[in-house]
There are 2 protein chains.
Amino acid sequence: MFNSQDAHYMARALELAKRGRFTVSPNPAVGCVIVRHDKIVGEGYHRQAGGPHAEVFALRQAGAAAKGATAYVTLEPCSHYGRTPPCAQALIDAGVSRVVAASVDANPQVSGRGLAMLREAGIMAEAGLMAAESDAINRGFMHRMRTGLPFVTVKLASSLDGRTALANGQSKWITGSAARRDVQRHRALSCAILSGADTVLVDNASLNVRWAELPESVQASYDEVRTADNAGELASLQVSQPLRQPLRVIIDTRNRLTPHLALFSVPGPILLLRGQVTGGFNANVEECVLPCTPLGQLDLPELMAELGRRQINHLWVEAGARLGGALLEATLIDELVLYQAPKLMGSTARGLFDIPERVAMSQITRLEWQDCRQVGEDIKLTARVKN
Amino acid sequence: MFNSQDAHYMARALELAKRGRFTVSPNPAVGCVIVRHDKIVGEGYHRQAGGPHAEVFALRQAGAAAKGATAYVTLEPCSHYGRTPPCAQALIDAGVSRVVAASVDANPQVSGRGLAMLREAGIMAEAGLMAAESDAINRGFMHRMRTGLPFVTVKLASSLDGRTALANGQSKWITGSAARRDVQRHRALSCAILSGADTVLVDNASLNVRWAELPESVQASYDEVRTADNAGELASLQVSQPLRQPLRVIIDTRNRLTPHLALFSVPGPILLLRGQVTGGFNANVEECVLPCTPLGQLDLPELMAELGRRQINHLWVEAGARLGGALLEATLIDELVLYQAPKLMGSTARGLFDIPERVAMSQITRLEWQDCRQVGEDIKLTARVKN
């Protein structure tokens with residue numbers, strides 16, 4: 001059973017967890033608060049895969065005060081030796097008397113084991129407090145643990161009448177600068193960005209995260225992670241880069257991309273899905289040949305499985321109507337983010353999703369609204385796809 | 001100069017004004033509050049053209065207490081003999097010492113005259129307090145007074161990808177029942193509804209206001225107007241109908257509509273814009289032949305001028321992509337209301353506006369967001385057109 005004090009401290013732990021969201025991939029974002037005699041004696045959050053877990057930061061800050069304390073942690077403490085020792089053991093060793101977790105680990109192979117280890121050591125261990133909030137912060141990670149696939153968000157930008165470009169291809173700019181900054185934030189939150197050769201060629205797009213275009217709040221998150229010296233652990237963090245660049249995944253089955261494009265001139269890893277491997281790219285570019293369908297299209301379910309294997313939790317897709325339509329047809333889209341500009345382009349302009357014609361209303365794709373807000377001069381609509 | 005007490009009473013007068021919005025056409029909605037020694041002694045609002053004005057109701061309720069009082073009125077009191085004697089004179093006769101108006105009359109021929117008449121009688125008369133709110137309540141009336149034309153709102157319903165129907169024409173139902181009830185409210189607020197023969201034929205649409213489908217708040221407004229006995233004036237109101245039906249204006253230049261359609265079987269006036277007058281319709285139907293363009297299309301600016309002459313303040317358009325596109329091309333749309341369903345129909349489905357192809361982004365129509373909200377399962381976006 002949880003009381004209102006529990007909720008208060010868990011809310012703080014969730015706040016801490018969120019600070020790691022931009023750097024923690026492919027790990028989940030986790031926050032921890034240690035409370036003794038109704039006073040916070042230690043806090044921490046997970047910053048980077050390979051670095052200390054949230055519990056370690058919090059326990060080090062608490063020191064001897066952890067004895068008899070309650071630990072609030074947004075994800076069930078780990079029970080296995082990975083790149084770091086198990087946090088459940090660290091909590092036991094520190095002598096905490098109670099552990100409250102928000103989510104249990106979504107990985108069915110470890111789910112509940114951390115709690116069990118704590119209980120075996122005589123610690124009162126409960127989970128489920130504000131689990132929805134914690135799951136939302138790590139929905140990509142949770143989704144991949146459950147399904148083996150990334151959580152896929154398709155980003156679209158259109159006029160109010162659902163058009164992405166004029167018939168002649170012109171589209172700069174449909175949406176305003178605030179929407180484009182918001183896209184930068186989504187890119188920074190994602191593990192990988194998927195796009196097609198068309199998009200890269202038409203706009204000579206870099207598809208990277210650009211410091212100067214990030215909202216200030218995101219810049220502040222990066223700064224905090226880079227400069228925080230929580231319990232003297234800074235040296236172990238090795239957050240030396242100003243940004244974590246998501247993996248850029250580009251479908252180029254017709255081998256149309258050449259090394260001189262802007263895409264290849266900015267830092268960050270690139271996975272190039274090609275018809276054949278040609279070489280000639282920088283060391284940050286991996287060429288890869290994946291199976292195709294009998295019609296010569298990339299096998300998209302196979303692509304998603306491969307990205308899952310590569311620990312991509314959250315995939316952000318910026319693509320045209322053809323790739324978007326193919327993903328929709330393959331029921332691979334989990335979520336849509338549509339920036340709608342206060343403009344009308346008319347029925348001759350290009351549409352959002354190229355999919356085969358539906359002949360009955362019962363066949364159309366259903367969505368579920370998640371959010372609707374103004375972003376600068378545009379409206380941002382977020383919806384989940386009911387696959 | 002206005003103080004916070006003035007704002008308080010004017011807010012009440014605006015609240016009263018709104019009660020008349022569903023029945024007052026083609027007059028503006030007006031509310032009046034009479035205050036003496038910081039106490040409301042009389043209230044009223046205008047219910048129906050030909051019935052007493054707001055000031056008359058309020059003065060009758062106030063009786064002798066009006067002497068030395070302040071009258072708050074949302075629109076400058078009238079100074080001319082119309083169907084009722086001038087309210088400025090009534091305020092003078094009652095002995096009020098101060099009049100505070102929100103809007104001045106938008107009709108340039110009478111604007112300021114009511115205030116002038118009051119000042120000549122030694123009454124302190126000021127205008128402009130919360131004028132934006134009052135103008136918003138009567139934006140159709142204000143627009144017609146300024147331009148001679150109705151304020152034109154085009155209603156659209158589409159999927160998230162901007163599609164109104166499948167390629168084969170199927171569209172029932174894109175939006176949910178809450179959106180359809182909201183449309184009933186908009187119809188009830190409008191002076192006339194414009195549509196085309198296609199819409200009438202495809203859906204056998206009635207395009208009327210239906211009591212059972214109105215939101216409860218609108219039903220309550222009608223009930224209030226019908227049953228209120230403010231200062232014993234009920235008998236003079238003659239609000240006997242349960243509803244005021246807006247004029248239905250149907251473009252049927254190819255004379256395709258026949259008298260057996262549902263449109264003609266429900267009460268309320270109809271203006272049928274035909275290629276030629278054939279007769280054979282009920283008495284509530286007026287056939288009318290308006291000028292056409294050289295291409296045989298109805299001259300839409302001429303139609304709007306005609307509707308202005310017929311005192312249509314606010315025109316609500318429910319039409320397909322062709323009429324919508326033609327109105328857009330003619331820069332006759334003031335506002336769009338788009339109900340967006342959480343659905344995707346794909347690029348083969350029908351678009352929102354059939355307009356000639358744009359070849360540069362600088363040519364596309366710009367809008368200004370007014371509102372964005374969830375209505376049942378759909379999102380309702382309201383935008384003004386920057387013509």
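In which helix of chain B does B:Phe57 lie? B:Phe57 lies in helix H2, residues 54-62 of chain B; helices (H or I, at least four residues) and strands (E, at least two) are DSSP runs, numbered from the N terminus. This is a predicted model, in which local features need pLDDT of at least 70, side-chain atom pairs count only at pLDDT 80 or more, and totals for chains, interfaces and linings use all residues. Residues are numbered from 1 along each chain as its sequence is written, chains are lettered from A and ligands numbered from 1 in the order in which they are written, and side-chain values use heavy atoms, with hydrogens and water left out.

**Confidence**
- Chain A has a mean pLDDT of 92, and 96% of its residues reach 70 or more; pLDDT is the predictor's confidence in each residue, from 0 to 100.
- The pLDDT is below 50 over residues 234-240 of chain A.
- For the complex, the predictor gives an ipTM of 0.88 and a pTM of 0.90.

**Residue B:Phe57**
- B:Phe57 counts as buried because its relative accessibility is 0% (buried means under 20% relative accessible area, exposed over 50%, partly exposed in between, with a 1.4 Å probe and protein chains only).
- B:Phe57 and B:His46 are eleven residues apart in sequence, and their C-alpha atoms are 8.2 Å apart in space.

**Helix H1 of chain B**
- H1(B), residues 4-19, has 16 residues and reaches 24 Å from its first C-alpha to its last, close to the 22 Å expected; the expected span is 1.5 Å times one less than the number of residues.
- The buried residues of H1(B) are B:Asp6, B:Tyr9, B:Met10, B:Ala13, B:Leu14, B:Leu16 and B:Ala17.
- They lie on the same side of H1(B) because they cover an arc of only 160° around the axis, taken from the directions from the helix axis to the C-beta atoms.
- These buried residues pack against several elements of chain B, including strand S1 (31-36) and helix H5 (131-137).

**Backbone features**
- Most residues other than glycine have a negative phi, and most peptide bonds are trans.
- A cis peptide bond joins A:Lys172 and A:Trp173, with omega about -20°.
- In chain B, a cis peptide bond joins B:Lys172 and B:Trp173, with omega about -15°.
- B:His37, in the loop between S1 and S2 of chain B, has a positive phi near 50°.
- B:His37 has 71% relative accessibility, so this residue counts as exposed.
- A:Met130 has a positive phi near 60° and is partly exposed, with a relative accessible area of 23%.

Definitions and conventions: Contact means heavy atoms within 4.5 Å.
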